[in-house]
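Here are my notes on this one, as numbered points. Have the model open while you read.

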Amino acid sequence: MQKGIIWRALLAVFAIFIAVVYLIPSLPVYERLSGWAKRILPQNKIHLGLDLRGGIHLVLDVDVDKAVENHLDRILDELRHDMRKNRIRYRGMKRDGLKGINILLMRREDLKRLEDIIKRQYPDFKIEKRDNTLILRLLAEARNRIVNMAVDQALETIRNRVDQFGVSEPDIRKQQKNTILVQLPGIKDPRRAIKLIGKTALLEFKLVDDEHSVTEALRGRIPPGDEILYQMKIDPGTGKVTKIPFLLKKRTMLTGEYITDARVQIDPRTNEPYVLLSFDSRGARIFARITGENIKKRLAIVLDKKVYSAPVIQDRIAGGRAQITGAFTMEEAHDLAIVLRAGALPAPVKVIEERTVGPSLGRDSIEKGIKATIIGGIVVTLFMAIYYNLAGIIADLALMLNIIFIMSGLALFGATLTLPGIAGIILTIGMAVDANVLIFERIREELRLGKGAIAAIETGYGRAFVTILDANVTTLIAALVLFQFGTGPIRGFAVTLSIGIVASMFTAIFITRIIFDYLYVLKGMKKVRI
Amino acid sequence: MEFIKPGINIDFIGKRKIAFFLSGSLIAITLFLLLWQGPRYGVDFTGGVVIQVRFDKRKSIQEIRNALKPVHLDDSIIQEFKESGISEYLIRVRKTNINLAGIHDKVKDALEARFGKGVDIRRVEMVGPKIGKELKQKALFAIFYSILFIAIYISGRFEMKWVMSIIMALALSVVVYAASSFGVKVTWLIFIAMILTLGLCWYLRLGYALGAIIALIHDVTITIGAFLITQKEISLAIVAALLTIVGYSLNDTIIVFDRIRENLRKSRKQPFALIINRSINETLSRTVLTSSTTLFVLLALFFLGGNVIHDFAFAMLIGIVVGTYSSIFVASPILLVWEKGFGTT
C-alpha cells in the first residue's frame with residue numbers, strides 16, 4: 001500500500017509538472033521569461049479562436065465553370081490561329097457551353113488534317129465527326145485538372161494578396177467542393193480585406209471603337225466584335241454614381257499577366273494617387289507594338305469589366321510602363337497595386353460564408369467568459385467545501401488541477417479556444433465535481449453502514465468508479481460526434497468538453513484518491529470529515 | 001452538511017402517472033408548435049445575414065429602420081439588447097435571393113450615411129443558402145449519429161448484450177442507408193432511426209436502453225419546445241447544446257440505472273417497483289447536488305457570459321433541469337412499465 005501510493009503520487013506530480021510546463025507559454029508570464037527559459041519550454045500555445053481575437057472567417061466559392069469556360073475560350077483562340085497557319089478554312093467555330101468546341105469546316109478534305117492537329121496538340125478532347133463538323137468534347141479528367149488548377153491558383157493568388165496586405169497568422173486552406181477557407185485574425189478593417197481577397201483583378205487593355213457610335217450600340221445595334229463596358233464616375237460631393245458607356249473592341253490586346261510590378265504614385269499636378277505598372281520584356285514588346293500600331297486611337301484600361309480610363313495613344317510606348325488613373329483614394333490605389341502584383345484570380349470567387357467579429361467584441365467575450373468562469377468556479381468551490389468539509393476541499397483541489405489540465409491540453413494539441421470552448425470549460429467545472437459527488441455520497445453511505453474510514457473510502461471509490469466511467473463515456477460520445485460534424489467554434493466546444501471529461505476522471509478519481517490514502521492510510525486519520 | 005437526509009423515501013414511482021401526464025403534455029405542446037409554427041432557425045441553417053452593431057448614442061429601432069430604407073433593407077428584423085449597460089442592436093436580413101456578400105457593406109454605408117462615424121459593426125454572420133443547407137445536414141447527421149452510438153453503447157454496456165446491440169446497429173445502418181439512397185430527407189431519417197431504435201429495443205428486450213433513450217428524446221424534445229415557446233432561434237451552437245444535453249441526460253439516467261441493477265442483485269425477492277424507488281432515493285442526493293453545481297455555473301454563464309453565448313446557456317439550463325427530472329420521473333418508471341409488460345428485465 002505504502003509503495004503503491006508513492007508511485008501514484010510520483011505519477012500525479014509528473015503529470016501536473018508536464019501540464020504546467022505546457023501551460024506556461026500561454027500565460028502572460030511567458031513574455032517576461034529570459035531567453036534560455038523560452039528555449040527549454042515547449043512552443044505550443046493556446047490559440048484563440050476568431051470569435052475571441054476578432055477577425056474574419058470567409059468561405060469562398062471558386063466559380064470553376066467560369067474557369068472551364070475561360071480555358072475553352074483560350075483554346076478556341078489558339079485553334080483559330082493554328083487553322084489560319086495551316087490554311088484550314090472554317091464556316092464557324094464556337095464553344096459549346098462547358099462541353100467543348102464545335103468547328104464547322106468549309107471543305108470536307110480538311111477534316112482529317114484538322115483531326116491530326118488536334119490529336120497532336122490538344123489531347124484533352126475526344127473527337128467526334130459529323131458531316132463537315134468536328135465536335136470536340138472536353139474529357140472528364142481534363143476538366144477535373146482544369147478545375148483543380150483553378151482552385152489551386154486562386155488559393156495561391158489569395159495567399160499572395162494576404163501576405164502583401166500584412167496579416168499575422170492567416171489561415172488559408174482549400175476545402176471540399178472547390179471552396180477556399182480564409183481566416184484572418186485581428187483585422188481592423190474587415191470590409192477592405194474582403195474586397196481585396198474577392199477581387200478577380202482581371203486587367204485588360206482594349207481598343208475603343210471610335211468608328212461606330214456608342215448611342216447606336218446602346219440601342220441594341222452592337223457592331224460585331226464589339227462590346228459595351230461602363231466607367232463608373234463617383235461624384236465626390238454627392239456620392240452619386242454615373243455610368244459612362246464605352247464601345248470597345250471585344251478583343252483583348254494585353255492582360256495583366258505580364259505585370260512584374262505595380263506601385264502607387266502621386267500625380268504632382270492633381271495630387272491624386274495612381275497605379276504605375278511595369279511589364280516584363282514580353283509584355284513591354286506587346287505594349288510597344290499595340291501603341292505603335294494604334295496612334296491617335298484610344299486604349300481603354302479595363303479592370304474586372306469596368307473601364308478605368310481610356311487615354312488617347314499619343315506615341316509608341318516602349319519602356320513597358322503604363323498607369324491606371326481613376327480618382328482613387330490612397331487606400332484604394334494601394335489595394336489595387338497589391339492585387340495587380342499578386343495577379344488575377346483564374347476565375348471569379350464568391351463569398352458564401354462570412355463571419356466577422358470586431359476586435360472590441362472579441363475582447364468583451366474573453367472578459368465575460370473569464371468572469372463567468374471565475375464566478376461559477378467560486379460558487380462551486382465554496383459549495384463543495386461547505387457541503388463536504390475536508391473532502392470537499394480535496395475535490396476543489398482536483399477541480400483546479402482539472403482546469404490546468406484542460407488549458408495545457410489545449411496547448412499540447414494546438415487546439416483553438418473559442419467562446420463555446422469557454423462555455424465547455426465552465427460546464428466541465430459544473431460536471432467535473434460530479435465524479436467526486438458520486439464517490440463522496442458512496443463513502444457517506446458506507447460510513448453510515450458502520451464501516452471504518454479506510455474501508456469506506458475503499459468501497460466508495462470502487463463502487464463509484466464503474467458508474468463514473470459509464471456516465472462519462474456517453475458525454476464523450478456526444479462530444480466526439482460534435483467534433484466530427486461541427487465547424488469552427490463548435491469544434492472548440494467539443495474539444496474542451498472532451499479534454500475536460502478525460503482530465504476530470506484523472507483528477508477526480510486518481511488524484512483525490514492519493515490524497516485520501518495519504519491522510520487516512522499513511523497519516524492514520526480516523527474520522528472521515530465528509 | 002446534508003440537504004437530503006439519508007433514508008429518505010419519497011414515493012417517486014407512485015407519482016409516475018402525474019409525471020407521465022406532465023411530460024406527455026409538454027411533448028404534445030412541443031409537437032403541436034413544431035407542426036403549427038415550425039422552429040425558427042438561425043442564419044446558420046436558413047442562410048442570411050446577422051449584423052450586430054453598437055452606436056455611440058442610443059438609437060430607436062425605428063430610426064435604424066429608416067436609415068436602412070435607402071438600401072431596401074428596412075424589412076429586416078431589428079432587435080435591441082443591453083450588453084454591459086450599453087444598447088446594441090441585431091439586424092437580421094433573412095432574404096437569400098439577393099447578393100448576401102454585399103449586405104455588410106450596404107448596411108454599414110447606410111448607417112454611417114445616417115448617423116455619422118459612431119457606428120461600430122461588432123459582428124457579422126453571413127451564411128449563403130448553400131452553406132446553410134450543408135450545415136443543416138451536418139447538424140442533423142450529428143444528432144442521428146449520436147443517437148445511434150449512444151443506443152449501441154447503452155444496450156451493450158447495460159444489458160451486457162453486445163451482440164444484440166451490434167445487430168441493432170447493423171439493422172439501423174441498413175435501414176438508414178437504404179432510406180438515404182432513396183433520397184429520404186434527413187429529418188425523416190432521424191425520425192425513422194428513432195422509431196426503429198425504440199422498436200428494436202422493445203423487440204430485443206433491451207429495457208434499460210429503452211428507458212434511457214426515451215428519456216433522452218424526452219429531454220431534447222422539451223428543450224426544443226422551450227425554444228419554440230420563447231421564439232428563440234435554433235443555431236449551430238444550440239445543436240451543440242442539444243447534443244451535450246443528450247450526454248448529460250444519459251449521465252443522470254445511467255447513474256440511477258446502475259443503482260437499480262446493483263440493488264436488484266442484492267435483493268431479488270423485493271418487488272421491482274420498490275427497488276426502483278429505493279434506488280432513486282439513494283441516488284437522489286447526488287442527482288440534486290450535481291445538477292445544482294451544474295446549474296450554478298450555467299446561471300453564471302447565462303447572466304454574465306454575454307449575448308453571443310446567451311441562448312446556448314439557456315438551452316443547457318433547460319436541458320439540465322429537464323434531464324434531472326426525467327432521470328427520476330421518466331426513465332426509471334418506464335423500466336417498471338416495461339417490466340409489467342414483459343415480466344422480465
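**Notes on the A/B complex**

1. Let's start where the chains pair up. Strand 18 (residues 349-357) of chain A and strand 4 of chain B are joined by 5 bridges and run antiparallel. To find the spot, go to A:Glu353, whose bridge partner in strand 4 of chain B is B:Val127.

2. Before going further, how far does the predictor back this? This is a predicted model, and the predictor gives the complex an ipTM of 0.84 and a pTM of 0.82. Chain B averages a pLDDT of 84, with 97% of the residues scoring at least 70. Within chain B, helix 1 (residues 16-36) has the highest confidence, at 91, while helix 6 (residues 162-181) has the lowest, at a mean of 76.

3. Now the contact as a whole. Chain A puts in 56 residues and chain B 58. On the chain B side, the elements giving two or more residues are helix 4 (103-115), strand 4 (119-127), helix 5 (129-159), helix 9 (236-266), helix 10 (272-304) and helix 11 (307-342). Helix 9 of chain B gives the most, with 13 residues. Sorted by class, the side of chain B that touches chain A has 35 nonpolar, 12 polar and 11 charged residues.

4. A few words on chain B itself. Chain B has 11 helices and 4 strands, and its C-alpha atoms fill a box of roughly 80 × 55 × 30 Å along the principal axes. Of its 345 residues, 47% count as buried. Take the contacts in chain B between residues at least 6 apart in sequence: 76% of them join residues at least 24 apart.

5. Which residues have the most contacts inside the largest nonpolar core? They are A:Leu340, A:Ile426, A:Leu482, B:Ala209, B:Ala212, B:Leu243 and B:Leu301, in a core of 242 residues. Helix 11 of chain B supplies the largest share of this core, 19 residues. B:Ala212 is a handy one to click on: leaving aside neighbours within four places in sequence, B:Ala212 is in contact with B:Ile154, B:Leu250, B:Thr253, B:Phe257 and B:Ala331.

6. Over to chain A and its domains. The domain assignment gives domain 1 (2-54 + 358-522), domain 2 (65-139) and domain 3 (199-356). Taken over C-alpha atoms, the centres of domain 2 and domain 3 of chain A are separated by 31 Å.

7. Two backbone angles in chain A deserve a look. Most residues other than glycine have a negative phi. A:Lys177, not a glycine, has a positive phi near 60°, and A:Lys177 sits in the loop between strand 7 (171-175) and strand 8 (179-185) of chain A. Is A:Lys177 buried or exposed? A:Lys177 has 11 other C-beta atoms within 10 Å, so it is exposed, the cut-off being 12 or fewer.

8. A:Asp304 lies in the loop between strand 15 (299-303) and strand 16 (306-309) of chain A. Because A:Asp304 has 15 C-beta neighbours inside 10 Å, it counts as partly exposed.

Notes. Residues numbered from 1 in each chain as written. Chains lettered and ligands numbered in written order. Predicted model: local features only at pLDDT ≥ 70, side-chain atom pairs only at ≥ 80, totals over all residues. Contact = placed C-beta atoms within 7 Å. Nonpolar A, V, L, I, M, F, W, Y, C, P; charged D, E, K, R; others polar. Pairing = 2+ DSSP bridges. Core = buried A, V, L, I, M, F, W, Y, C linked by C-beta atoms within 7 Å. Buried ≥ 20, exposed ≤ 12 C-beta atoms within 10 Å, placed from the backbone. Domains from an automatic or database assignment. pLDDT = per-residue confidence, 0-100.
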